[in-house]
Structure formats: structure tokens, C-alpha cells
Amino acid sequence: ASLVWDRPARSYRVAKEIHIGKTTSLKAQQTAENEVEVLKGLSHTNVVKYCDSFIEDGTFCIIMEYADGGDLSAAIVRQRALKQRFRTDEVVAILMQCAKALNYIH
């Protein structure tokens, strides 16, 4: 994924790039297209928003909202680097956000 600047929206976005060259299977292309269809229908505070998608030079690009606070993986890496554990209230808040997002998606 790459961080990109959306001029009209005047904000950062994330571009997920999926190479769909001649060697990519039809199933892989359909999976990417299905992902876009699912993302288009999602609207929840704990789910990153879909913005756009397009194909350019054999690459299928999915443009998503940029979460400037980072994702859970980045938060875990930061805590490890500090050699600190999350506080109990932080863990509860994270789990609640994950549970709400999963409940919404499913």
C-alpha cells in the first residue's frame, strides 16, 4: 500500500495496489473486484472507508481513507519499541472497536 495525496479532497489516502498483469488468474482479479464491491457498501466509524478504484498500467488500485493514527499493527510495533504493554483500559477500548467493526461487517 502507498500513501497518496488526493488533490480534490485535499487529504491523504492509501492506495492498495494489486498487479493484474497477464499472469494474474481470473479468480484473483474477481477477488479484487469483489473486495471493492464489499468495501463500497461499508460505512462504519471503525472500518476504513473506500474512496475509489481504477485500473492503470496493469495495476488494480483501491483507494481507501487514510487513518492518520495508524492501524493496530503499527500501535503494537510502537508499544514493543517502547518495551511497554498496553494498559488494561487501552486493551478494552481496542477490543471494543474491533468487536463493533466485526459485528457491523458480519
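Start with the aromatic pairs: this predicted model holds 2 of them. Rings of Phe, Tyr and Trp (its six-membered ring) pair if their centres lie within 6.5 Å, with planes under 30 degrees apart called stacked, over 60 edge-to-face and the rest tilted.

Select Trp-5 and Tyr-12. Their ring centres sit 4.9 Å apart with planes at 75 degrees, so this pair is edge-to-face. Tyr-12 lies in strand 2 (residues 11–19) and Tyr-66 in the loop between strand 4 (59–65) and helix 2 (72–81), so the pair ties together parts 54 residues apart in sequence. Helices (H or I, at least four residues) and strands (E, at least two) are DSSP runs, numbered from the N terminus. Ring pairs link Trp-5, Tyr-12 and Tyr-66 into a cluster.

Colour by accessibility next: Trp-5 is partly exposed at 47%, Tyr-12 likewise at 43%, and Tyr-66 at 35%. On this relative scale, buried is under 20%, exposed over 50% and partly exposed in between (1.4 Å probe, protein chains only).

Now show the cartoon. You'll find 4 strands in an open antiparallel sheet, ordered 1-2-4-3; two strands pair if DSSP finds at least two bridges between them. Strand 1 (2–6) and strand 3 (50–56) are the edges, each pairing on one side only. Zoom in on strands 2 and 4, antiparallel over 7 bridges, and pick Lys-16, whose bridge partner in strand 4 is Ile-62.

Residues are numbered from 1 along each chain as its sequence is written. Local features need pLDDT of at least 70, side-chain atom pairs count only at pLDDT 80 or more, totals for chains, interfaces and linings use all residues, and side-chain values use heavy atoms, leaving out hydrogens and water.
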